[in-house]
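I set down here, in order, what I looked up in this structure. The entries are meant for a reader who comes to it new.

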Amino acid sequence: MSDFTSFRRRSRSQVQPLQGLAAMADAAAAMRDAVFGARDLPNEVAGRLRAAQVSSTLRMTPFMMAANIISIVVVLLVFWDTGYDDFLAIWGVGFALFIAVAMRQWWASYGMPPPARVSRRAVRRVVMSCAIPALFWGMAPVMLFDSASAAGQLLISSLVLGTLSAGAFGLATVAGAAFLYTGIIAAAGLVGLAMGGHAIFLTIGILLMIYLLITWFAIGWFAHLFNAATLHAMEIESQKELVGLLLHDFQENASDWLWEIDAEGRVTMISPRLLDLTGLPEDQVIGQSFVHVLGKQADEASLSRTCEVFGARKAFASVEVPVSVNGRNYWWSLTGKPIFDSKGDFAGYRGVGSNITAEKLAHQQMVHVAHHDALTDLPNRILFQERLERARREREDYALLYIDLDHFKTVNDTLGHAAGDAILVEVAQRLIALKPDDALICRLGGDEFALVWPRAQDEFSVEALARAIVGQLSQPFQHRGQPVHLGASIGAVLAPRDGADPADLLRRADLALYAAKSDGRGRARFFAQKLEDDMVARRALEEDLRAAVATKGLSLAFQPIVDLKTGEISGAEALLRWTHPVRGNVPPSLFVPIAEETGLIVEIGEWVLRRACEEAKDWPAHMTVAVNVSAAQMAGHRLPLAIAETLFDTGLDGKRLEIEITESMLADTESAERLIAHLRAFGIRLSLDDFGTGYSSLAYLRKFPFDKIKIDQSFVREAVRRPDCAAIVGAVASLARELGMSTVAEGIETTAELAIVRAAGCPRGQGYHFGRPMPPEQFRDLVVPGQRAA
Ligand code: C2E
Ligand code: MG
Ligand code: MG
């Protein structure tokens, strides 16, 4: 290829108008190439080029010979009987013999395919054989001109010029032959003119030389153009061969197929590969409308898209068409180019089709995986978000239910993840069975699900659905034949009533869910503006609490714990107090949960511990101080170290410190056991706070070695009116005694309550009856002199 290209690049520069020396040099180089052959052509190409040159000359043989015969006859007729009969006889016979040999050779090659390539030597032979007729014609002026009449001289001059120009044109493709031929004739002409001896012949001789030069230049240029054109044709030919080869290979091996349709859209050509693939018989495709062939199978929408594409009469690429043939579904990708006839009229389309079914299915699978949860195969958060976005765009009315399983974490922790997974799958099935037809159920992650119900009727029907879901999910699940109880809480919003923006709606559904959980789980709640207002207030409180922690704005109060037998103060519980600059006293029940949620409780708790120990250090040595800790403190690893440091720094005896934890914290068994082990190591006591408000209380009592149980004040409060509560207080006190634990009755406000608690056998008590939580100095005043409280 590069050989053709380099030659053509040169020839292109030579076609520029010839200007000055540069153009002359170009032309000379072109002629040199034409005469001697392009030097940088490889042998194969040069051989083929020479073959083209020779066969083009050979094709002229009959015409040249006919012209020669006519000219010979004319010369013989004109010059016979002018005294040169012997010469003419020999000349005529010799010439005739040469013509006979040349014609014989031509005849032998006639009808045969032209030679593919020709050697340099063969070209040289052609050149030499062209010299023979030139010599014959050259004899005419040399032998006859001098003594000829004026008319004879005119004939000879015409002969010289005629053979000169005919030879130049006829032999120009083999430039060497043309140069030699015309050179010999011109030389003979000059000799004849010189022998004539007339002054005008000198001028004619000079003109002859000029004509010869121009003729040579024209021969060289023509030969060069011929060579360039031949090489170009050869290049196209070889490109065609290559394209043919590639197409053949494509048809044979590639998975794609070729198609062609006429201006009416009828199939004129289709690769057998497609017929094999689809099993369609050829007569059902060839001559049929292409769109009709597709139309039998494609769906309406893609069919009209395809018609549109063809109707545009423009090139198109990778148009994907779903097709179903003989009960099998395919995806084809079509690429096509319009074809136009020589008049520029539209003549149809030609293109490539490929079977992209596998890629399409793989893509669909990928899209499915990206949009669905692997465990339950429910739509995932991405699809959920997309659905909400669409609803927003199309201004749909819909209900959104945020569903969260209750106690799922406990199930997962106790029964293992495999059991958790199996339960989630069943949850998904129950939700699918319950959902309205047009609703979408998604798994957002973990134990969170969501339901989008378009065109939900009203709040009542949504509430009914939510109740049905809670009811279904409260039904026990089965694990290895054992029932597992879960439950669900639901937060619901209605769009557009509760907002139009998906992010707002989600946040509000989440708030409603949070409220449902705070209300005691296993229920559904709709969003209400109050929830958001509460949340905003809570955020503000959170900020204020951070500021209070940073500026040491918190304080401690101490509430006496009394020995019910002696009436002596045996110790105190340290209780957090926060006096807000605007709100005044904020109760711990409000800010402690916030501190727990934000993690601030860790820092606050350590401060409480240190302050409580510092104070207790100044109390009488038999008095204990009780400090409340939170789940977040217990789960972290810092608490044991913080306790050790505090005891070391304050010098308080570990036996005088009591840590209060609540039942709910014991669900995290591992952390509880770790903490208890550390506390034991320091001789620190452990109290179970608010006993009776949690669940599985008795099981915990057996499992964890508490020193004290604090009976929740709700029992004490009720005990006066309800004998069963009094009985519970008594039962707990005696059970604790049996287990070697002490009991504290919380919230004793009246003497009646004190009497019942005493009668129940509780050794200790705490409550407003003995003293409210008080500032540290007040408590110190109370205990340091050793006061009686009862
Ligand atoms: P708790 O540990 O059960 O504390 C006893 C609560 O009962 C205190 O409420 C106390 O003021 C109140 N109380 C005591 N006697 C009576 C009574 O006779 N009648 C009534 N109605 N209430 C009585 P307080 O101080 O509001 O604390 C509430 C809860 O906040 C505490 O319950 C405890 O769980 C938590 N808390 C307080 N301080 C801390 C702390 O430093 N750290 C942690 N983690 N929690 C704390
Ligand atoms: Mg407590
Ligand atoms: Mg308590």
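**Entry 1: a pair of charged side chains**

I began with Glu658 and Lys708, whose side chains meet in a salt bridge at 2.4 Å, N to O. The term stands for a side-chain nitrogen of Lys or Arg within 4 Å of a carboxyl oxygen of Asp or Glu. Glu658 lies in strand E17 (residues 657-662) and Lys708 in strand E19, so the pair ties together parts that are 50 residues apart in sequence. Helices (H or I, at least four residues) and strands (E, at least two) are DSSP runs, numbered from the N terminus.

I noted that the model is predicted: local features need pLDDT of at least 70, side-chain atom pairs count only at pLDDT 80 or more, and totals for chains, interfaces and linings use all residues. Residues are numbered from 1 along each chain as its sequence is written, chains are lettered from A and ligands numbered from 1 in the order in which they are written, and side-chain values use heavy atoms, with hydrogens and water left out.

I then looked up the cover of the two residues. Glu658 is buried, with a relative accessible area of 2%, and Lys708 is buried at 7%. Buried means under 20% relative accessible area, exposed over 50%, and partly exposed in between (1.4 Å probe, protein chains only).

**Entry 2: further salt bridges**

How many salt bridges does the count come to? I found 40 by this rule. Side chains of opposite charge can pair when their charged atoms come close.

One of them joins Lys710 and Glu573, at 2.8 Å from N to O. Lys710 belongs to strand E19 (residues 708-711) and Glu573 to strand E14 (residues 569-580), so this pair ties together parts that are 137 residues apart in sequence. Lys710 is buried, at 1% relative accessible area, and Glu573 is buried as well, at 3%.

I also recorded the salt bridge of Arg722 with Glu718, at 3.4 Å, N to O. Arg722 is partly exposed, with a relative accessible area of 36%. Asp404, Asp406, Lys517 and Arg521 form a network of salt bridges.

**Entry 3: helix H8 and its end**

Gly196 lies in H8 and is partly exposed, at 25% relative accessibility. Its C-alpha atom is separated by 9.3 Å from that of Ala148, 48 residues apart along the chain. Just after H8, Gly197 takes a positive phi of about 70°.

**Entry 4: a nonpolar surface patch**

Helix H9 (residues 199-253) gives the largest share of the nonpolar patch, six residues. Leu202, found in H9, is exposed, with a relative accessible area of 61%.

Glu746 is buried, at 8% relative accessible area. The C-alpha atoms of Glu746 and Val118, 628 residues apart along the chain, are separated by 122 Å.
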